[in-house]
Amino acid sequence: MKLKFFFLYLLLFTSSVFAGGPYVSDLVGHTGSAAHWPYDIVGKTWVIHWKYDSGPLTSGGPVNIDNATAIRDWVRPLFDTWKNVTLDLPSGEHVSTVAIKFVEDGPIGYDITKENHETFTKTPKPGDPILPTVVIFDADGSITADYMQDKTKRNSIAGLGQPFVDSSGVLIQRGFIILNGRMIDGVYKADGNDDTNNGEFVQNPSASNQAEVKKRFQAVILHELGHLLNLDHAQVNLDIVMNCSLGSCDQPEAVPTLFPNLKVTDQFTPHRDDKVALSLLYPTQAFNSKFCRVTGEIVNKDGKGMQGVNVIASSTDDAVRDARAMVSGVYYAPETEDGHYVLAGLVPNQDYEISFEPLSKYYNDKPASGFQPLGPTSPVGFTPGVISAADGTQTVRCSQGGQTIAMPAFTVDITQPSTGESPPEGGDDGSAATGKGWWCSLNRNQTGNVYDALVWMGMMVFGIISLHRIKRKL
Ligand SMILES: [Zn+2]
């Protein structure tokens with residue numbers, strides 16, 4: 001009995017999950033799957049243990065966020081926001097669609113600083129001890145500057161998030177997020193630091209906008225926790241979003257939490273695209289049985305799979321709110337001839353349009369931000385359009401939950417002139433001073449390598465704990 005359970009456990013633990021919007025895909029076995037946190041077969045949930053920095057989130061500025069406040073009022077509730085994701089059905093039913101559990105293991109016990117952050121932020125090497133997943137508070141931006149090896153980044157990068165996978169390529173072993181508190185309380189040029197030379201200036205909230213700044217930063221935390229959960233950046237409603245600047249947007253509901261930079265405080269709550277991407281990675285049974293999916297492939301004019309084309313399913317009734325996207329071929333390493341996509345969380349008996357577009361070159365070209373697992377660029381030079389269903393209709397609909405609609409392969413010919421490329425934003429690298437938005441940064445190094453033996457030891461410990469729990473239940 002025990003052995004049977006254990007075997008089943010290991011099987012699930014190491015199996016691939018075909019999932020969506022992932023930041024880290026399997027670059028080891030090339031199985032066309034996303035990486036995911038460990039699965040607990042007894043609790044039927046994916047489990048993430050985390051610890052936190054013992055230092056303050058901010059220091060010395062007008063907005064004082066000490067350690068206890070940051071954890072109690074900000075980080076902990078935002079973990080719960082992801083855990084409690086629901087999608088609505090026309091009947092009014094709120095369906096819980098994400099099966100994840102967060103286990104808070106307490107403080108690290110000391111202040112993580114620019115001198116010691118690499119303990120947690122460096123990509124693991126074979127033989128390294130297995131460390132905890134940590135939430136790092138970077139009160140003065142110095143950790144961000146050191147991590148990015150660019151001191152100016154402390155004035156523009158609000159947060160960083162990184163999951164590390166083990167040598168299996170699909171199992172997330174640990175990760176970290178860095179939260180740059182300097183973006184909350186701000187530092188004047190005149191404070192004696194060396195920012196005077198590069199003309200940069202960070203947020204210095206007046207008493208009147210402190211509440212706004214706090215909300216913005218909570219959106220940053222939610223965004224980075226999304227990366228920790230293996231969500232990649234997302235592009236939906238680009239035409240609307242590109243006309244938004246930080247704090248000013250006609251349709252804030254158009255901006256997903258995982259958009260590459262912060263535009264609106266609305267990103268403080270997950271939008272449909274964010275919810276669907278997370279639900280696809282860590283689905284409840286209800287997500288799989290009550291909603292539908294659309295699958296298909298983008299190919300080039302030679303019929304070969306093409307990566308890097310953004311495919312969107314949007315409701316004909318509410319195209320802005322009910323939209324989800326996936327970049328073709330994201331489950332494979334860069335320069336793989338694969339153009340598959342899956343668009344999930346479609347409501348039965350609702351018409352959806354399936355459209356395609358280039359990724360915004362503005363984001364995709366940035367060395368520090370973008371869409372994984374692509375290289376520095378993705379295909380441009382084609383006109384966005386609609387993908388017709390197999391019967392030639394311009395919309396699709398499913399009749400009941402659990403159905404998958406297969407779209408015919410669709411050819412994107414990049415020799416056509418581009419009319420769909422998004423205009424770049426002005427300004428520099430999105431520093432707070434330009435008002436263009438706060439930036440997040442992704443580490444492009446996706447693979448963490450640890451000894452197989454260590455991985456297997458970890459799996460066995462997890463398996464044994466599960467066995468204990470099974471035994472107790474029996
Ligand atoms: Zn990000």
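**Positive phi and an open sheet**

Modeller: Asn230 counts as buried, because it has 27 C-beta neighbours inside 10 Å; a residue is buried if 20 or more other C-beta atoms, placed from the backbone, lie within 10 Å of its own, exposed if 12 or fewer, and partly exposed in between. The model is predicted, so that local features need pLDDT of at least 70 and side-chain atom pairs count only at pLDDT 80 or more, while totals for chains, interfaces and linings use all residues. Residues are numbered from 1 along each chain as its sequence is written.

Colleague: How should I read the phi of Asn230, and where is this residue found?

Modeller: Most residues other than glycine have a negative phi. Asn230, however, has a positive phi near 85°, and it is found in the loop between α6 (210-228) and α7 (238-241), where helices (H or I, at least four residues) and strands (E, at least two) are DSSP runs numbered from the N terminus.

Colleague: What is the phi of His30, and why does His30 count as partly exposed?

Modeller: His30, which is not a glycine, has a positive phi of about 55°, and it is found in the loop between α1 (2-14) and β1 (39-40). It counts as partly exposed because it has 14 C-beta neighbours inside 10 Å.

Colleague: Which strands form the open sheet, and in what order?

Modeller: Strands of a sheet pair through backbone hydrogen bonds, either parallel or antiparallel. Here four strands with antiparallel pairing form an open sheet in the order β12-β11-β14-β15, and its edge strands, β12 (323-327) and β15 (385-386), each pair on one side only; two strands pair if DSSP finds at least two bridges between them. Between β11 (residues 309-315) and β12 there are five bridges in the antiparallel sense, and Ser314 stands opposite Ala323 in β12.
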